[in-house]
Amino acid sequence: SPVTEPLSDASTSAFWMRTLTNEAGSVISWTRAASAITASTRIMRDLRPPILEDLGLVPALETLAARFRQHSSIACEVHAEEDGNGGSAGSESPAVATSLYRLAQESLNNVLKHADASHVTMRLTESGEDHLTLSIHDDGVGFDPAAAAKPLSFGLLGMNERIRSLGGTLRIDSRPGGGTTIAFRLRSGA
């Protein structure tokens with residue numbers, strides 16, 4: 001096949017640098033092919049961020065917090081705790097780790113857009129061998145959770161659907177002027 005043969009001259013080399021041939025024999029531009037590869041890679045990364053695979057949930061949350069601090073100038077810290085009854089860091093299923101990471105991302109996004117906070121704490125607590133709770137607390141302006149139940153509160157609706165799809169629960173504690181705590185609780189092996 002021409003793609004696998006060594007490039008023997010400058011014109012052949014230039015041709016293959018600019019074009020690829022697909023299975024039907026059509027010529028596709030190298031730029032379009034590279035763009036498609038980049039998009040596919042981004043989609044795969046978005047489905048399960050590599051940092052979760054490489055480092056685990058706690059280091060991924062710490063990295064997320066560091067990026068949040070850098071981009072927002074809002075103090076953000078992560079605490080991971082075990083209850084002493086056999087919980088162990090890294091024992092969550094890939095689906096749980098991905099969901100908790102995405103929920104933390106969405107929560108930090110909400111803090112940035114709505115809270116006018118100066119400090120955020122993310123706390124991951126393991127209860128025995130079967131439950132995890134991720135709570136995110138900010139010292140911002142707070143809100144009325146009843147008002148957030150409106151149909152246009154897509155962010156909270158999406159978070160609730162994500163956690164419920166894994167059999168978990170979402171709890172929101174907030175009041176105007178009093179900051180917000182949002183907690184996601186689910187089985188670690190869900």
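This is a predicted model: local features need pLDDT of at least 70, side-chain atom pairs count only at pLDDT 80 or more; totals for chains, interfaces and linings use all residues.
1. Met122 lies in strand E4. Because its relative accessibility is 0%, below the 20% cut-off, Met122 counts as buried. The C-alpha atoms of Met122 and Glu62 are 9.1 Å apart, although the two residues are separated by 60 positions in sequence.

2. Leu134 may be considered next. With residues up to four places away in sequence again excluded, Leu134 touches Leu61, Leu100, Ala104, Met122, Arg123, Leu124, Ile182, Ala183 and Phe184.

3. The largest nonpolar core has 35 residues, of which Leu61, Leu100, Met122, Leu134 and Phe184 touch the most other members. At least two residues each come from helix H3 (50-55), H4, strand E3 (75-82), helix H5 (94-115), strand E4 (119-127), strand E5 (131-138), helix H6 (154-165) and strand E7 (180-187). The greatest contribution is that of H5, with nine residues. In soluble globular proteins, nonpolar side chains tend to be buried together.

4. Helix H4 comprises 16 residues (57-72) and spans 22 Å from its first C-alpha to its last, close to the 22 Å expected at 1.5 Å a residue. Its buried residues are Leu57, Val58, Ala60, Leu61, Leu64, Ala65, Phe68 and Ser72. These residues lie on the same side of H4, because they cover an arc of only 160° around the axis. An α-helix has 3.6 residues a turn, so residues three or four places apart point the same way.

5. Ser73 follows H4 and has a positive phi, near 65°.

Note on methods. Residues are numbered from 1 along each chain as its sequence is written. Side-chain values use heavy atoms; hydrogens and water are left out. Helices (H or I, at least four residues) and strands (E, at least two) are DSSP runs, numbered from the N terminus. The expected span of a helix is 1.5 Å times one less than its number of residues. Buried means under 20% relative accessible area, exposed over 50%, partly exposed in between (1.4 Å probe, protein chains only). The arc is that of the directions from the helix axis to the C-beta atoms. A nonpolar core is a set of buried Ala, Val, Leu, Ile, Met, Phe, Trp, Tyr and Cys residues joined through side-chain atoms within 4.5 Å. Contact means heavy atoms within 4.5 Å.
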